[in-house]
Amino acid sequence: MSFDREAVLKLAEKYDSFYLYDERKITESINALKTSFSGVEFLYSLKSNPHHAVLKCVADNGFGIDAASAGEVQSAFECGLGKDKIYYSAPGKTEANIRCSIDKSVVIADSVSEVERIEEIAEKLGITAEIGIRINPDFTFAGEGGVPAKFGIDEEQVFENLPRWKSFGSIRICGIHIHSKSQELNWETIAAYYERVFGLAVRFRDALGGKLKFINFGSGIGIPYAPEDNPVCIEKLGVKMTALLEEYGKEFPEARFFVETGRFVCGKAGVYATRVVDKKISRGKTFVLLANTLNGFIRPSVAQMVLCYTDEDKPAGNEPLYTGRDAFEFIPLTDSEETETVTVTGNLCTATDVVLKDTLMPKMDCGDVMVITNAGAYAAVLSPMKFAQLNPPKEIFRTVKGEYVE
Ligand SMILES: *Cc1c(COP(=O)(O)O)cnc(C)c1O
């Protein structure tokens, strides 16, 4: 992975640990999506990286927001986005969450009782709320056949309840949202899923007997983490989506088509940099201690933990906490030509902050800087930075013009 070594070293003079997000890379990913897909709008999944400058960058590039909480609806609203650009989809929304989001976003109901709750709230507010329904479909990325899930409403229940929902006076159902998986690298698998969503949308539209204003295909587009991962062929996926839109688009003359993405936009646009704060030899083993590992960027430590509980070579991913073996590259910024076998840990008062075990690395000394890649999405947000009151990492955004924004 490429990153600006000089910029990292310069910032490391000031900070022991920090994230560096690169606007140029974010816009490259955005442009790859925009040029490959036509007739589709994108929603940025803010939970992947809510840094204010990242949010502003994606919004300035025309993306809407996939909000996972009322707080994210508020952030998108404060960034200047209108209701037609903010889609609030999350399980377990409280009445307060719905009340404060209903005029700022399109709320997507996640359960049968939530549809009723939204109806009651809208009635009390004296409004007619246009909402979406998140459907737990009778298919997955693996093919036909649904699974039990805490997300959305089972397709069967949707069709059962739709006649009743249509009689509600204060809500109007105008769209559907189906998201069933993240981090898929096979474009054909994603394309097959898109096609199934179109099929479901047709059946839903027929049962609704009204026009759909949006069909939200959710996410799925993955990014390469481990060296053997191949990137999703975005061009081919875009071509297939265009063909599907030609086939099905006429069924939905008033609909907008949304694809959500978090990690594709910013996952590879960020690195984490930290410093060697100590080094010691214990009973023949060499330990290198970095500032803020588990508490600054948790995922490499989680990966070590997952791997120590299994003999499987490739335990399945569990996004967004665990993706797979070797998902992060560790790059010490040293000119040393010597190597040594080291165990690399953090500086917490717990032993669970190990990021590399008995690994042959370039020789590192106190003060050296270590870069960890793939740190732009589900990184800072997931990390328990309050733990032990260590000085948390900074988050720094470098603009295309080369300015640094904190
Ligand atoms: C988290 C999430 C996403 C984003 O997934 P990525 O893999 O980051 O693209 C999209 N949609 C929903 C509903 C999500 O919960």
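Reply: Start with the core. This is a predicted model, and its largest nonpolar core has 104 residues. Six of them have the most contacts inside that core: Ile26, Ile133, Trp165, Tyr194, Phe204 and Ile221. Helix 8, residues 187-208, supplies the largest share, eleven residues.

Now zoom in on Phe204. Leave out residues up to four places away in sequence, and Phe204 touches Ile133, Ile135, Val158, Phe159, Leu162, Ile173, Ile176 and Leu212. One of these partners, Ile133, is also on the list of residues with the most contacts inside the core.

In soluble globular proteins, nonpolar side chains tend to be buried together.

Next, step back to the whole chain. Buried residues make up 54% of the 406 residues. The secondary structure comes to eleven helices and 20 strands. Take contacts between residues at least 6 apart in sequence: 71% of them join residues at least 24 apart.

What about overall shape? The C-alpha atoms fill a box of roughly 70 × 40 × 40 Å along the principal axes. A compact globule of 406 residues would have a radius of gyration near 22 Å, and the protein has 23 Å, so the two agree.

The accessible surface comes to about 17800 Å². Carbon and sulfur atoms account for 51% of that surface. Charge is next: there are 46 positive and 58 negative side chains. The centres of the two sets lie 3 Å apart.

Arg283 sits in the loop between strand 13 (270-282) and strand 14 (285-290). Is Arg283 buried or exposed? Arg283 counts as exposed, because its relative accessibility is 86% and the cut-off for exposed is over 50%. Glu319 is 36 residues from Arg283 in sequence, and their C-alpha atoms are 37 Å apart in space.

Thr352 is the other one. Its place is the loop between strand 16 (339-345) and strand 17 (354-362). Thr352 is partly exposed, with a relative accessible area of 41%. Setting aside neighbours within four places in sequence, Thr352 is in contact with Leu294 and Ser301. Arg263 lies 89 residues from Thr352 in sequence and 26 Å away in space, C-alpha to C-alpha.

Note on methods: Residues numbered from 1 in each chain as written. Predicted model: local features only at pLDDT ≥ 70, side-chain atom pairs only at ≥ 80, totals over all residues. Heavy atoms only, no water. Core = buried A, V, L, I, M, F, W, Y, C linked by side-chain atoms within 4.5 Å. Buried < 20%, exposed > 50% of the residue type's maximum accessible area, 1.4 Å probe, protein only. Helix = DSSP H or I, 4+ residues; strand = E, 2+ residues; numbered from the N terminus. Contact = heavy atoms within 4.5 Å. Rg over C-alpha atoms; globule rule 2.2 N^0.38 Å. Areas by Shrake-Rupley, 256 points an atom, 1.4 Å probe, with all protein chains shown as cover. Lys, Arg positive; Asp, Glu negative; His and termini not counted. Charge placed at Lys NZ, Arg CZ, Asp CG, Glu CD.
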